[in-house]
Structures are given as structure tokens and as C-alpha cells.
Amino acid sequence: QDKDVVDIGSGDKIGSVIDAEIKKDTGIITKLIVYEKRGFLDAFKMKDEVEVPWEKIKKIGSDVILVERK
């Protein structure tokens, strides 16, 4: 199930989780890889993935992951 990633400060949807980076030796998740939601004006951006460090994740719900972007 896809989970939406939302910035807790602004309430804006960042995108949806597509992958996670995990340390091989410990199995600990270090960051989530998010496919960034794009608006029309952002269509010229080259990168469409955002890395969210694990320490920026504030709450994981059944449908949404709340993160702090600052």
C-alpha cells in the first residue's frame, strides 16, 4: 500500500514512498525515498525523488507519514 508523505509544518503532500535505504550491517532504516509530487511549474525539475532522513519522520499512520522538512 502506498503511503503519502506529508510535511507536518505546511500540510503539503510531498509525495509517496517508493523505497527505503537500509544499513546492511544493522538492518536499520536510514532514510525513505519519496517520489515527489510535481506541480505544473515544477515540471522542469530534473530530480523527482526526495530523500527523507529517518530522524525527520515524526509519525507513521496507516495512510500517511508525517515528516518535518526543516
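Trainee: In which strand does Ile-60 lie?

Mentor: Bear in mind from the outset that this is a predicted model. The strand that holds Ile-60 covers residues 57-60, and its name is β5.

Trainee: Is Ile-60 buried, partly exposed or exposed?

Mentor: Buried would require under 20% relative accessible area and exposed would require over 50%. Because the relative accessibility of Ile-60 is 46%, this residue counts as partly exposed.

Trainee: Which residues form a nonpolar patch on the surface, and what is their accessible area together?

Mentor: Ile-60 is one of the members, and the others are Ile-22, Ile-29 and Trp-54. Of these, Ile-29 lies in strand β3, residues 29-36, and is itself partly exposed at 30% relative accessibility. Taken together, the four residues of the patch have an accessible area of about 340 Å².

Trainee: What separates the C-alpha atoms of Ile-29 and Trp-54?

Mentor: Along the chain these two residues are 25 residues apart, yet Trp-54 is among the contacts of Ile-29 beyond four places in sequence, together with Ala-20, Glu-21 and Ile-22. The separation of their C-alpha atoms is 6.9 Å.

Trainee: How many bridges join strand β2 to β3, and how many pair β3 with strand β4?

Mentor: Strand β2, residues 13-22, runs antiparallel to β3, and Asp-19 has Ile-33 as its bridge partner there. Strand β4, residues 49-53, also pairs with β3 in the antiparallel sense, with Val-50 as the bridge partner of Val-34. The count for β2 and β3 is seven bridges, and for β3 and β4 it is five.

How values were computed: Residues numbered from 1 in each chain as written. Predicted model: local features only at pLDDT ≥ 70, side-chain atom pairs only at ≥ 80, totals over all residues. Heavy atoms only, no water. Patch = residues over 30% accessible without salt bridge, like charges linked within 9 Å, V, L, I, M, F, W, Y side chains within 5 Å. Areas by Shrake-Rupley, 256 points an atom, 1.4 Å probe, with all protein chains shown as cover. Salt bridge = Lys/Arg side-chain N within 4 Å of Asp/Glu carboxyl O. Helix = DSSP H or I, 4+ residues; strand = E, 2+ residues; numbered from the N terminus. Buried < 20%, exposed > 50% of the residue type's maximum accessible area, 1.4 Å probe, protein only. Contact = heavy atoms within 4.5 Å. Pairing = 2+ DSSP bridges.
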